[in-house]
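Work through these exercises on strand pairing with the structure open. Each task is followed by its solution.

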Amino acid sequence: MLNSLKSYLNPSELFHNIRFYILVINFTIGMTIFVYFTATIPDVTPRAIQFTEFYAFLAVINLYLAVLATPLLKLFPSLPLAQTYLKARRALGVSAFLFSVMHVRSAFFDELGGFDGLGFLSSKYLIAISLSVTALVILLLMASTSFDFIIAKLTFKKWKKIHRLVYLIVLLVTIHALMLGGQFSDLSGTIPQIFLGALVILLGLESIRFDKYLRSKWLALPSFGLSFGLCLFLVAGIGVLLYAPTGGGNVSPFNIHAAHIQLAQQAQQGQGFLPKIPGQTNNPALIGDRTKRYTVSFLHSDQVSPNQDTNLSFKINDASSGNPVDLFQFVYTKTMHLVIVDNELNYFNHIHPTQNGSSFDIQTQFPHPGRYHLYVDFQPLGAIEQQFAFTLDVGNVTSPAVASQPVDTSLTKTFDKYQVTLTPSAPLVATDMSIGKQTLSFNIKDALTGQPITTLKPYLAAYGHLVLINESTYDYIHVHPSNLVPPAPDASSGPEVDFLPLGLYGPIKPGIYRVFGQFNPDNNLFTSDFTININ
């Protein structure tokens with residue numbers, strides 16, 4: 001074994017071995033990604049999200065190339081560099097394993113919080129994680145038997161049997177991606193289309209190869225290929241199931257909001273608080289136990305003065321047990337969002353308290369005396385997104401002023417150097433908005449030149465954030481963007497940003513609303529505000 005190892009590590013052998021170059025290239029790519037995101041994304045959470053997605057992407061590419069080699073070259077043996085490609089399979093498998101380990105580390109330990117978070121996960125999460133662990137263990141066995149000095153100690157049959165398990169890995173990885181992959185919440189997206197298209201190619205090649213094997217054993221079989229025909233039938237059936245529009249008009253697998261539109265529709269029909277739809281969990285904020293309840297204790301000084309540093313603290317407890325809660329999901333890269341408005345709905349501030357165990361703490365200032373409304377968004381691990389509202393009097397408040405902005409006659413306004421136009425998809429009707437039938441679209445232009453702004457940068461993993469607050473009741477509606485897939489940190493978009501209001505926590509009420517939208521062109525974050533009427 002020692003002689004085999006020395007031969008394998010011999011520099012003259014290495015530099016003429018395609019496996020060596022495959023490993024070096026993948027190692028360089030992996031380290032480049034690590035250094036780049038570490039340098040450009042200071043926050044731990046969004047950095048972990050990027051690591052998770054990119055390492056998964058690289059693992060899948062290497063795994064696919066390793067699996068594709070055999071059926072492709074068995075059918076087309078005269079392809080250029082065929083033997084080199086065949087020899088590279090083992091290095092591709094080892095690279096897939098290494099990237100899988102990096103993916104698991106970021107997803108499990110950085111995003112989920114490690115083993116402490118397992119007890120809070122739904123059965124769907126646990127099943128998906130179990131599948132990925134099984135795939136990782138098989139990949140480990142395959143990677144460890146991909147080196148010549150180990151293969152030399154194994155018989156041919158033992159080595160081959162282990163590596164045939166790669167097809168099981170492909171199946172497990174596909175199920176895991178469809179269950180939990182952030183990019184797979186909308187199967188009409190580019191990455192899911194490429195992923196599924198690559199699977200179709202692999203299945204087609206394998207079915208043709210299997211047909212050739214069957215005909216070599218049973219000459220009487222028809223020449224058109226039973227396996228290939230079955231494969232075509234299976235692919236067509238899955239395509240219809242995934243992509244054909246369903247009844248109801250606006251709920252379709254093409255629509256990433258199909259799940260929560262249906263949730264909102266059921267909520268309006270009196271079927272309870274966020275009823276569960278099996279298999280429909282596109283929005284990460286809605287993944288979790290919808291029956292869990294929480295309490296929030298809001299702590300602050302007895303006397304709060306304007307224009308003075310003020311410490312605010314929000315302590316989260318489980319309502320059923322009273323136990324403090326200290327494990328939270330990240331919602332738009334933060335564990336808590338705090339929105340503060342004054343009673344007149346002129347002042348708007350969107351900030352992020354820092355988590356300290358079960359408490360979230362922040363220091364801020366209030367610009368003038370009066371009554372303020374504070375809204376907190378957070379998502380305990382294993383539960384859905386939670387929203388709580390509080391009021392706080394600043395200074396001497398005897399008769400707080402109320403919101404009285406008239407409805408805007410023009411929905412085009414200028415904010416700083418940007419012209420923003422708000423366009424509803426139709427005259428706004430509360431009942432239609434509640435069930436996802438209407439959208440709010442923002443168009444952003446340069447106020448001086450009138451040119452469309454196409455350099456919107458992600459802010460908190462989205463191209464825009466939108467809040468609606470009722471002038472009379474101070475009801476708070478956090479509106480998610482129509483596109484829920486987080487963009488890359490350095491991506492650009494514009495000039496349009498669309499939002500889909502939904503009555504997920506109860507019907508949207510008619511009335512006059514203040515609309516606060518945040519956008520980040522060229523990393524110049526600004527807030528737009530409009531006043532609209534919802535009938």
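**Exercise 1.** In this predicted model, find how many bridges join β2 to β6, and in which sense the two strands run.

Solution. 
- Step 1. Locate strand β6 at residues 359–364.
- Step 2. Count its bridges to β2: there are six, and the strands run antiparallel.

**Exercise 2.** Find how many bridges join β1 to β2, and which residue of β2 stands opposite Phe298.

Solution. 
- Step 1. Strand β1 covers residues 294–299.
- Step 2. Six bridges connect β1 with β2, again in an antiparallel arrangement.
- Step 3. Phe298 faces Phe314 of β2.

**Exercise 3.** Decide how many residues of strand β2 are buried.

Solution. 
- Step 1. Take β2 as residues 310–318, nine residues in total.
- Step 2. Apply the cut-off: buried means under 20% relative accessible area.
- Step 3. Seven of the nine residues pass, and the strand is mostly covered.

**Exercise 4.** Give the strand order of the four-stranded open sheet, then name its edge strands.

Solution. 
- Step 1. Follow the pairing across the sheet: the order is β4-β3-β7-β8, with antiparallel pairing.
- Step 2. Look for strands that pair on one side only: these are β4 (348–351) and β8 (386–394).
- Step 3. Compare directions, ignoring sense: neighbouring strands of this sheet are turned by 20 degrees against each other on average.

**Exercise 5.** Describe how β7 pairs with β8, and find the partner of Val376.

Solution. 
- Step 1. Strand β7 spans residues 370–378.
- Step 2. Nine bridges link β7 and β8 in the antiparallel sense.
- Step 3. Val376 has Phe388 in β8 as its bridge partner.

How values were computed. Residues numbered from 1 in each chain as written. Predicted model: local features only at pLDDT ≥ 70, side-chain atom pairs only at ≥ 80, totals over all residues. Heavy atoms only, no water. Pairing = 2+ DSSP bridges. Axes fitted to C-alpha atoms, helices over the stretch in contact; angles between N-to-C directions. Buried < 20%, exposed > 50% of the residue type's maximum accessible area, 1.4 Å probe, protein only.
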